[in-house]
Amino acid sequence: MKKQIAIIGGGPSAFLLSAFLDSEKFAITIYEKNKTCGRKFLVAGKGGFNLTHSEPIDQLVKRYTPNDFLTAALLHFDNTDFRKWLERIGISTFVGSSNRVYPVKGIKPIEVLTAILGSLKENGVVLNYESIFTGWDVNGKTIINKEAVEADFTVFSLGGGSWKVTGSEGDWLQTFANKGIKTKPFHASNCSNQIDWKPDFIQKHEGAPLKNIAVSCQQIVQKGEAVITKFGLEGNAIYGLSPIIRQMLVSNNKAPIFIDFKPSLTLENIQSKIETSNYRNRTETLKKDLKLSAPQIDLLKSYLSKESYLSADSLAKNIKNFPLEIVGVAPVDEAISTVGGIDLSAVSENFELHKIQNQFCIGEMLDWDAPTGGYLLQACASTGVYLANFLNKNK
Ligand SMILES: Cc1cc2nc3c(=O)[nH]c(=O)nc-3n(C[C@H](O)[C@H](O)[C@H](O)COP(=O)(O)OP(=O)(O)OC[C@H]3O[C@@H](n4cnc5c(N)ncnc54)[C@H](O)[C@@H]3O)c2cc1C
């Protein structure tokens, strides 16, 4: 007789788990609280839909914090495997200029979800909607819609704590804590960072992008783009610094960051361009010789003293290392992802809860962190497939 697997939460980590489970061996049921599943996956699809990132796997595994917890899963089912699987279910992907992986043009997020759900159907997966997990009964069986669920194995894939509107409310945190499972409060990651802009500057440049920059915090450097918002800065050039910024905010209430407006030029290159410029006017030099954008020039103008702006040496140094201070982060619900959830010490290397035998946790509900750009979905997929193959082989 087949063994019963109950998967609670219907997001990407649950999808990959149930697609790879051996349906000859297991009867697979997903319990999802919403009327549909994959709502956060569809939200991710509304922006740049980064399914994974194409960088070499030895670099990719280093993007995660802590950097060892997910390695076995990521190596077991890596970014190439993920793309091959998507191709097999009819979703071709391409690598964009930033090395992120997207569905090919013309394929809508809902079509990706439909293809995934189609593959689950082929694997005999049963989807039960409007099914809400609320805890365990005295025998350790999970309770869904007030009834104990008969299952040989239970996998939780309840997601993080942001974008509650998608169903990933994180309200299970207390339920797990009450059961004696170590949890951590949710914190925002990949979110807007608060900067107290000068009023004149923000009035003029709200919404403007800072393109091709590098942002650093405590020697950690992230290249990319950031958008100036009324609240502060957001975008991939700063999202990757979330762990260090969070750490500094906890210890100092502020996090100094430095922007390199010209990562492709050395300090000496910039200095020489300023010194040998044919333009008399400094702003013209920045615009024409250094190709700085209007918001970049205005940042330098509004934040530097007149002497610093006019000194080639000081101006060049500020173009390479412009200081700003992060004083807070956006509320958890607005973040692309969260850290916190199930403490990593609460699960084994196969994601099994130490407290409850044969019950596992995968995906974003575990306390790991990664920048946006495909790394989040890759980790959700990898934890799902890793666990599927562990169960296929050992149970
Ligand atoms: C705006 C935005 C953009 C993003 N863009 C990207 C991107 O481009 N690339 C990328 O890699 N990642 C992106 N992400 C992150 C990515 O979507 C998530 O990391 C991923 O969806 C997490 O998958 P999961 O399976 O762990 O959980 P989720 O997708 O959160 O799924 C969890 C499911 O569990 C259900 N659930 C919760 N509680 C219960 C309960 N008590 N009972 C039953 N069911 C329950 C929820 O309804 C939900 O359907 C983005 C996220 C957001 C918000």
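This section describes helix packing, the ligand shell and selected backbone features in a predicted model.

Of its 9 residues, 9 are buried, so H1 is largely enclosed by the rest of the structure. The buried residues are Pro12, Ser13, Ala14, Phe15, Leu16, Leu17, Ser18, Ala19 and Phe20.

For H1 and H16, the axes come within 7 Å and cross at roughly 30 degrees, and the crossing is right-handed. On the H1 side, the contact is formed by Pro12, Ser13, Ala14, Leu16, Leu17 and Phe20, and on the H16 side by Leu377, Cys380, Ala381, Thr383, Gly384, Val385, Leu387, Ala388 and Asn389. By class, this contact comprises 11 nonpolar and 4 polar residues, with no charged residue.

For H1 and H6, the axes approach within 9 Å at a crossing angle of roughly 35 degrees, and here the crossing is left-handed. Phe15, Ser18 and Ala19 of H1 meet Ile116, Ser119 and Leu120 of H6. The contact of H1 with H6 consists of 4 nonpolar and 2 polar residues, and again charged residues are absent. Residues three or four places apart in an α-helix point the same way, because the helix has 3.6 residues a turn. In the contact with H6, H1 contributes Phe15 as well as Ser18 and Ala19.

The buried residues of H2 itself are Arg39, Lys40, Phe41, Ala44 and Gly45, and what covers them includes H1 and H6.

The shell contains 43 residues, of which Gly9, Gly11, Gly159, Gly167 and Gly363 come nearest to the ligand. The greatest contribution comes from H2, with 5 residues. In composition, the shell divides into 20 nonpolar, 17 polar and 6 charged residues.

A further helix pair is formed by H11 (residues 267-275) and H15 (residues 312-320), whose axes lie 9 Å apart at an angle of about 135 degrees. H11 is therefore oblique to H15. The crossing of this pair is right-handed. H11 contributes Leu267, Ile270, Gln271, Ile274 and Glu275 to the contact, while H15 contributes Ala312, Asp313, Leu315, Ala316, Lys317, Ile319 and Lys320. These residues of the H11 contact with H15 fall into 7 nonpolar, 1 polar and 4 charged.

Thr266 belongs to the loop between strand S16 (255-260) and H11. Thr266 is classed as exposed because 11 other C-beta atoms lie within 10 Å, against a limit of 12 or fewer for exposed residues. Thr266 and Gly135 are separated by 131 residues in sequence and by 58 Å in space, C-alpha to C-alpha.

Several loops carry backbone features of note. Most residues other than glycine have a negative phi, and most peptide bonds are trans. The peptide bond from Thr65 to Pro66 is cis, with omega near -5 degrees. Pro66 is placed in the loop connecting helix H3 (57-60) with helix H4 (71-76).

Positive phi values occur at two residues other than glycine, Gln219 and Lys291. In Gln219, phi is about 70 degrees, and the residue is located in the loop between strands S13 (209-217) and S14 (220-228). Gln219 is exposed, since 7 other C-beta atoms lie within 10 Å. In Lys291, phi is near 55 degrees, and the residue is located in the loop between helices H12 (282-289) and H13 (294-303). Lys291 is likewise exposed, with 11 other C-beta atoms within 10 Å.

Conventions
Residues are numbered from 1 along each chain as its sequence is written. This is a predicted model: local features need pLDDT of at least 70, side-chain atom pairs count only at pLDDT 80 or more; totals for chains, interfaces and linings use all residues. Axes are lines fitted to C-alpha atoms, for helices over the stretch in contact, and angles run from 0 to 180 degrees between N-to-C directions. Helices (H or I, at least four residues) and strands (E, at least two) are DSSP runs, numbered from the N terminus. Angles under 35 degrees count as roughly parallel, over 145 as roughly antiparallel, 65 to 115 as roughly perpendicular and the rest as oblique. A crossing is left-handed if the near helix is turned anticlockwise from the far one by less than a right angle, and right-handed if clockwise. Two residues are in contact if their C-beta atoms, placed from the backbone, lie within 7 Å. Ala, Val, Leu, Ile, Met, Phe, Trp, Tyr, Cys and Pro count as nonpolar, Asp, Glu, Lys and Arg as charged, and the others, Gly among them, as polar. A residue is near a molecule or strand if its C-beta atom, placed from the backbone, lies within 6 Å of it. A residue is buried if 20 or more other C-beta atoms lie within 10 Å of its own, exposed if 12 or fewer, and partly exposed in between; C-beta atoms are placed from the backbone.
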